Amino acid sequence: MKQKLVIIGNGMAPGRMLEELFEQAPGLYDVVIFNAEPRVNYDRIMLSPVLSGEKLYEDIVIHGDDWYARNGVTLHKGAKVTGIDRVAKTVTSAAGISAAYDKLVIATGSLPFIIPVPGHDLPGVLAYRDLDDVEKMLDATKRGGRAIVIGAGLLGLEAAYGLKRQGMDVTVIHINPTIMDRQLDPPAAYLLEKALTDRGIEIITKANTKCVLGTEKVEGIELDDGRIIEGTTVIMAVGIRPAAQIAKDAGIAVNRGIVVDDGMMTSDASIFALGECAEHRGICYGLVAPLYESAKTLADRLIGGASEYKGSVVNTKLKVTGINLFSAGDFAEGEDREEIVLRDATAGVYKRLVLKDNRIVGAVLYGETADGAWFFDMIKRGTDISEMRDTLIFGQAYQGGSPLDPTAAVAALPDDAEICGCNGVCKSKIVGTINAKGLTSLDDVRAHTKASASCGSCTGLVEQLMVLTLGDSYNPAAVQPMCKCTELGHDDVRRLIVAKGLKTIPAVMQELEWKTSCGCAKCRPALNYYLVCDWPDEYADDYQSRFINERVHANIQKDGTYSVVPRMWGGVTNAGELRAIADVVDKFEIPMVKVTGGQRIDLLGIHKEDLPAVWADLGKAGFVSGQAYAKGLRTVKTCVGTDWCRFGTQDSTGFGIRLEKFMWGSWTPAKLKLAVSGCPRNCAEATCKDIGVICVDSGYEIHFAGAAGLDIKGTEVLGLVATEDEALEHIVALAQMYREQGRYLERIYKWAKRVGLDEIRRQIMGDAEKRKGYFDRFVFSQKFAQVDPWSERVSGKDKHEFKPMAVVGMAEAAE
Amino acid sequence: METNWPDENWVEIGDIHDIPVRGARCVKTPQGRIAVFRTAEDHVYAMEDRCPHKGGPLSQGIVHGTSVTCPLHNMVISLETGRALGADEGEVRTVAVRNRDGMLSIALDSLMLMVAAE
């Protein structure tokens with residue numbers, strides 16, 4: 001029988017421990033997790049970017065629900081464990097769920113320390129520890145006013161920056177004379193304080209909070225010296241303490257944290273402690289890197305190994321956009337210590353190395369942190385630096401003669417140099433994995449090695465390793481910028497449009513620091529699409545940012561004439577429609593009439609000036625634009641289905657028409673072509689379409705991500721549904737998911753490859769709530785999108801487009 | 001763009017507001033179609049409506065900064081010089097434009113002279 005492993009807590013440390021465990025000994029344990037938070041494992045280091053609006057919760061999830069399912073883990077969400085019975089070997093939650101264990105891991109993390117001053121329990125006093133806290137803070141930003149952050153440590157300053165970015169006034173109160181005094185020496189702290197003040201954050205040091213003011217809710221704070229600071233929200237970020245009560249109650253040895261040995265074992269041989277709740281050799285760690293190291297040890301122990309955790313040297317980076325700060329080791333002054341300092345006031349650079357016995361014991365870098373990893377590596381190794389002492393402070397590039405380029409610097413690092421501090425990934429692991437698995441993209445390297453997958457600050461180093469390993473075949477730009485107007489990629493732009501509530505093209509360009517005054521022909525149509533998609537009711541379509549075809553609702557041809565394709569719903573037409581088309585062809589002397597691959601009729605060679613008149617005549621016969629020019633819904637190709645075909649299993653024609661009537665007018669990242677086949681003989685060729693349906697006796701098999709253009713690719717199966725209504729809902733939801741995530745001009749098959757078929761299936765087939773959300777957003781957007789552009793222009797819209805501005809110097813007869 | 005052409009050479013073509021901002025309109029002339037562009041900063045430029053690459057109608061392109069991207073194959077043309085930007089080569093003949101309080105005129109002679117000089 002499998003052994004039972006129970007874990008109390010679902011943070012990053014146990015998450016990492018389980019990854020190691022499943023990799024090395026899959027199936028060894030039945031795993032049950034109790035998580036006091038009502039959610040999956042997410043990246044707590046990235047809470048600050050969520051607070052500042054630079055990331056969303058979805059972006060920072062480490063293990064989605066599918067991960068737990070795949071590994072057979074039972075995850076009790078929102079289940080706080082209230083008792084451990086060491087004799088019966090069971091744990092019990094507040095709601096009465098209990099689980100028996102052979103091995104128990106306590107990973108309860110830490111609790112924010114709330115200073116017990118009067119008023120600390122008023123509504124509006126918040127901590128900064130988990131996503132709930134972030135959500136409360138984001139709520140507070142909606143009310144506006146001033147936020148008072150108590151504590152200018154790492155978390156306090158990141159909170160202050162996030163709240164400022166969200167539009168609040170912010171004052172930071174710190175008890176000591178300089179900020180971040182556990183990580184920074186006073187000169188670096190001064191530079192940081194100045195940079196934060198420049199960003200509009202007020203900082204008051206040597207300030208001790210006497211009480212929180214207010215009766216019903218927070219109104220401000222009073223300091224010891226009598227100063228009063230008014231504010232609507234108080235964030236206490238003065239520190240954390242290990243959450244060890246549950247262990248204490250169970251009679252396990254607890255000092256500050258739960259005491260563990262080098263094998264992460266507590267005083268009970270069946271019980272281990274991991275993460276911020278544990279105390280190892282007298283130290284409670286609060287940063288992710290040491291926790292991941294100890295997680296590795298614990299995983300090995302659970303498998304029966306004998307590895308030992310010996311403690312960690314830690315380093316810190318502050319995640320405030322635009323501020324580069326690195327600190328590591330111990331930098332207190334002492335008689336036996338020497339220091340090397342470099343300052344460049346103009347460039348805002350400060351570097352200080354603390355030496356002891358010719359070895360670096362501490363490093364503080366401000367403004368220029370590229371050498372952080374190199375110094376940190378030498379601290380951990382205790383490298384003797386006497387040989388390079390003269391040039392040490394200038395960094396790795398200046399060792400041994402001429403300056404090295406960054407790639408050469410990375411090449412010079414030893415194989416076991418740590419590249420990713422968060423995940424403890426060394427150089428040889430990254431290089432080895434790239435070679436062994438043939439990885440070519442940063443995302444792949446992140447997926448396979450975890451390097452740069454947490455805080456991301458080592459991304460540059462990882463990329464240099466990729467350049468080193470792959471040579472010129474790797475394009476080092478982590479993200480392909482949208483165009484030359486910005487460094488940002490499509491995904492970042494899309495995310496920031498939503499996160500920052502940007503609703504016009506000028507707002508996007510201003511806030512995202514576009515390098516050109518009004519963009520270019522690449523980014524403007526993309527931005528216009530993103531804004532149309534994200535703010536269907538509020539955004540006013542920017543006509544001048546659309547490609548000519550979408551501006552004049554026809555397809556430009558090589559000679560400057562246009563082609564016109566009226567909609568033929570599901571490819572079905574009749575004598576009246578055909579007669580009207582014939583009349584239009586005669587009247588306007590249209591030189592070519594062509595049947596398209598999408599089951600409709602193309603009229604080619606129409607002069608631009610004639611377009612409105614052509615549309616007017618077609619409109620009288622009931623035609624609307626076929627949007628054959630649009631990055632949007634094009635055609636829904638059908639076969640004759642049960643109406644006529646002796647093999648038909650469902651009404652494929654009727655369903656195709658229904659889909660087309662439901663979805664026409666919607667804009668998508670690239671063109672979207674659908675087809676519905678009435679049986680698996682597939683006469684509508686649905687299996688090479690963007691979205692296709694194969695009708696079968698038992699229902700509707702939904703396909704997607706096919707291609708039959710530059711690339712040829714059969715579709716993938718999304719899933720089978722029983723009824724036409726369900727098929728419609730699933731297809732529409734899929735289209736909306738693509739609309740929201742696709743990069744402009746990215747066809748659905750490329751998007752699907754990037755996002756992952758399983759993820760798409762999970763959201764559309766497996767998550768009814770998500771599917772409903774997508775569906776509803778599509779329907780909402782259609783309220784604004786389903787306007788026939790031809791009839792609008794027949795009624796006079798954009799008149800200027802179809803007439804010359806002037807005719808000069810020509811005799812009347814020439815007209 | 002105001003040049004030394006005598007007054008009688010200027011032909012009025014309409015008001016600046018007849019052209020969309022970051023857009024273009026056409027003027028038909030005996031020498032062919034002229035594209036008249038209006039930038040985001042309300043500068044006005046005119047040139048032949050023919051891309052030097054494959055003759056695409058530049059007036060139908062997207063206007064950005066002081067450039068236009070041809071709708072056929074994305075060649076980018078400087079509105080100031082008429083020259084292709086980036087790695088492309090080619091040049092469009094520009095036409096002098098005068099803007100007096102929003103009333104636009106083009107100097108047709110400037111184009112005719114260029115034709116004559118060929």
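Modeller: Let me start with confidence, since this is a predicted model: chain B has a mean pLDDT of 86, and 85% of its residues reach 70 or more. For the model as a whole, the scores are ipTM 0.84 and pTM 0.54.

Colleague: What makes pLDDT a matter to settle before reading details?

Modeller: Where pLDDT is low, the predicted coordinates should not be read in detail.

Colleague: Why are helix 22 of chain A and helix 23 of chain A called oblique to each other?

Modeller: The axes of helix 22 (residues 652-663) and helix 23 (residues 724-741), both of chain A, cross at roughly 40 degrees and come within 11 Å. Angles under 35 degrees would count as roughly parallel and those from 65 to 115 as roughly perpendicular, and the pair is therefore oblique. The crossing of helix 22 of chain A past helix 23 of chain A is right-handed.

Colleague: Which residues make that contact, and how do they divide by class?

Modeller: Helix 22 of chain A contributes Phe655(A), Arg658(A), Leu659(A), Phe662(A) and Met663(A), while helix 23 of chain A contributes Glu724(A), Leu728(A), Ile731(A), Val732(A) and Ala735(A). By class, the residues of this contact are 8 nonpolar, no polar and 2 charged.

Colleague: What is the relative direction of helix 19 of chain A and helix 20 of chain A, and why?

Modeller: For helix 19 (residues 575-587) and helix 20 (residues 611-620) of chain A, the axes come within 9 Å and cross at roughly 160 degrees. Angles over 145 degrees count as roughly antiparallel, which is why helix 19 of chain A is described as roughly antiparallel to helix 20 of chain A. Helix 19 of chain A also passes helix 20 of chain A in a right-handed crossing. On the helix 19 side of chain A, the contact involves Ala580(A), Asp583(A), Val584(A) and Lys587(A), which meet Val614(A), Asp617(A) and Leu618(A) in helix 20 of chain A; these residues divide into 4 nonpolar, no polar and 3 charged.

Colleague: How do you know that strand 41 of chain A pairs with strand 2 of chain B?

Modeller: Pairing requires at least two bridges, and 2 bridges join strand 41 (residues 806-807) of chain A to strand 2 (residues 23-29) of chain B, so the two strands count as paired, and they run parallel. Val807(A) has Lys28(B) as its bridge partner in strand 2 of chain B.

Colleague: How many residues does each chain bring to the contact between chain A and chain B?

Modeller: Chain A brings 22 residues and chain B 31 residues. The side of chain A that touches chain B consists of 12 nonpolar, 8 polar and 2 charged residues.

Conventions:
Residues numbered from 1 in each chain as written. Chains lettered and ligands numbered in written order. Predicted model: local features only at pLDDT ≥ 70, side-chain atom pairs only at ≥ 80, totals over all residues. Contact = placed C-beta atoms within 7 Å. Nonpolar A, V, L, I, M, F, W, Y, C, P; charged D, E, K, R; others polar. Helix = DSSP H or I, 4+ residues; strand = E, 2+ residues; numbered from the N terminus. Axes fitted to C-alpha atoms, helices over the stretch in contact; angles between N-to-C directions. Left-handed = near helix turned anticlockwise from the far one by under 90°. pLDDT = per-residue confidence, 0-100.
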